[in-house]
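Please look at the sequence and the model first.

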Amino acid sequence: FMIASAELGDLAGDTGYLTNIIIKQTMFAIVGLAGYFIVSKISFKRMRMEIYWMLYTILLLALLACRFFGATNGAYAWIPIGSFASIQPSEFAKAFMVIFAAKLFGKDSPKNNLKNIKTFGICAGVYFVVILLWQHDLGSAIVLAVMCYCMALIPSYKQYKDIHKYMIIIILVVLCLVPIIFIPFVNELMSHSSNYMIGRFLACS
């Protein structure tokens, strides 16, 4: 009901619209709780790797399909469900990458297999590129990248130590270069600050 309460100021006289919002959010909450209980009963340890790849591919196709629907505030990140609601596949992609990381880096995975962390990095990179360049959704791309980067640093296996060192060096270099690259373009970006996506970028910077 937070969304409904946020609308009260501007829509105090439009009870029909406000009631519609409350009904929608209530339905989403019920569906979300039902989904939570269903997923909590799934034993991901017993799931074969082929199922993970199938889920990864389905989500990738969903991310690509978003481009064929209309843009919302400059981002092609949603798939409408009739006129009632829409889904954002990138949110499911984030949740999937958490489960995928647990599968690849968990205690039941091969401890000496460097292929796991490379596979995870490539899969996360593909999602990142699609969300950023295909969907034009900067916010979701950044969140996904930070999540996957942190998850890749969690495993403490000796075989991963060298990769972790390179990852830390790379992120430090990126953090140093971003201000250098960004500052010369501040004035140009400010002149287009009315653009929704550029406005979001300036706000978070």
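Of the 205 residues in the chain, 27% are buried. The model is a predicted one. The accessible surface of the chain is about 13,500 Å², and carbon and sulfur atoms account for 71% of that surface. Among contacts between residues at least 6 apart in sequence, 58% join residues at least 24 apart.

The chain has nine helices and two strands. Read from the N terminus, the order of elements is α-α-α-β-β-α-α-α-α-α-α.

The largest nonpolar core holds 28 residues, and those touching the most other members are Phe96, Met97, Phe100, Phe105, Phe120, Tyr127 and Cys148. Two or more residues of this core come from each of α3 (49-65), α4, α5 (115-134) and α6 (138-153). In soluble globular proteins, nonpolar side chains tend to be buried together.

How do the axes of α4 and α5 cross? They come within 10 Å and cross at roughly 175 degrees, so the two helices are roughly antiparallel to each other. On the α4 side the residues that meet α5 are Ser90, Ala93, Phe96, Met97, Phe100, Ala101, Leu104 and Phe105. Their counterparts in α5 are Asn116, Ile117, Thr119, Phe120, Cys123, Ala124, Tyr127 and Ile131.

Two residues of this pairing can be followed further. Ser90 belongs to helix α4, which spans residues 89-105, and Ser90 is buried, with a relative accessible area of 0%.

| Residue | Residues in contact |
|---|---|
| Ser90 | Leu63, Ile131, Gln135, Asp137 and Ser140 |
| Phe120 | Met97, Phe100, Ala101, Leu104, Phe105, Cys148, Met151 and Ala152 |

Cys148, one of the contacts of Phe120, is also among the core residues that touch the most other members.

The cysteines remain. How many disulfides does the whole structure contain? A search finds zero. A disulfide is a covalent bond between the sulfur atoms of two cysteines. For Cys150, the closest cysteine sulfur is that of Cys148, 9.4 Å away, which is too far for a bond, because a disulfide needs the two sulfur atoms within 2.5 Å.

Is Cys66 buried or exposed? Its relative accessibility is 0%, so Cys66 counts as buried. Cys150, in turn, has a relative accessible area of 42% and is therefore partly exposed, as this class lies between the limits of 20% and 50%.

Notes:
Residues are numbered from 1 along each chain as its sequence is written. This is a predicted model: local features need pLDDT of at least 70, side-chain atom pairs count only at pLDDT 80 or more; totals for chains, interfaces and linings use all residues. Side-chain values use heavy atoms; hydrogens and water are left out. Helices (H or I, at least four residues) and strands (E, at least two) are DSSP runs, numbered from the N terminus. Buried means under 20% relative accessible area, exposed over 50%, partly exposed in between (1.4 Å probe, protein chains only). Contact means heavy atoms within 4.5 Å. Accessible areas come from the Shrake-Rupley method with a 1.4 Å probe; for residues, only the protein chains shown count as cover. A nonpolar core is a set of buried Ala, Val, Leu, Ile, Met, Phe, Trp, Tyr and Cys residues joined through side-chain atoms within 4.5 Å. Axes are lines fitted to C-alpha atoms, for helices over the stretch in contact, and angles run from 0 to 180 degrees between N-to-C directions. Angles under 35 degrees count as roughly parallel, over 145 as roughly antiparallel, 65 to 115 as roughly perpendicular and the rest as oblique. Lists of a residue's contacts leave out its neighbours within four places in sequence.
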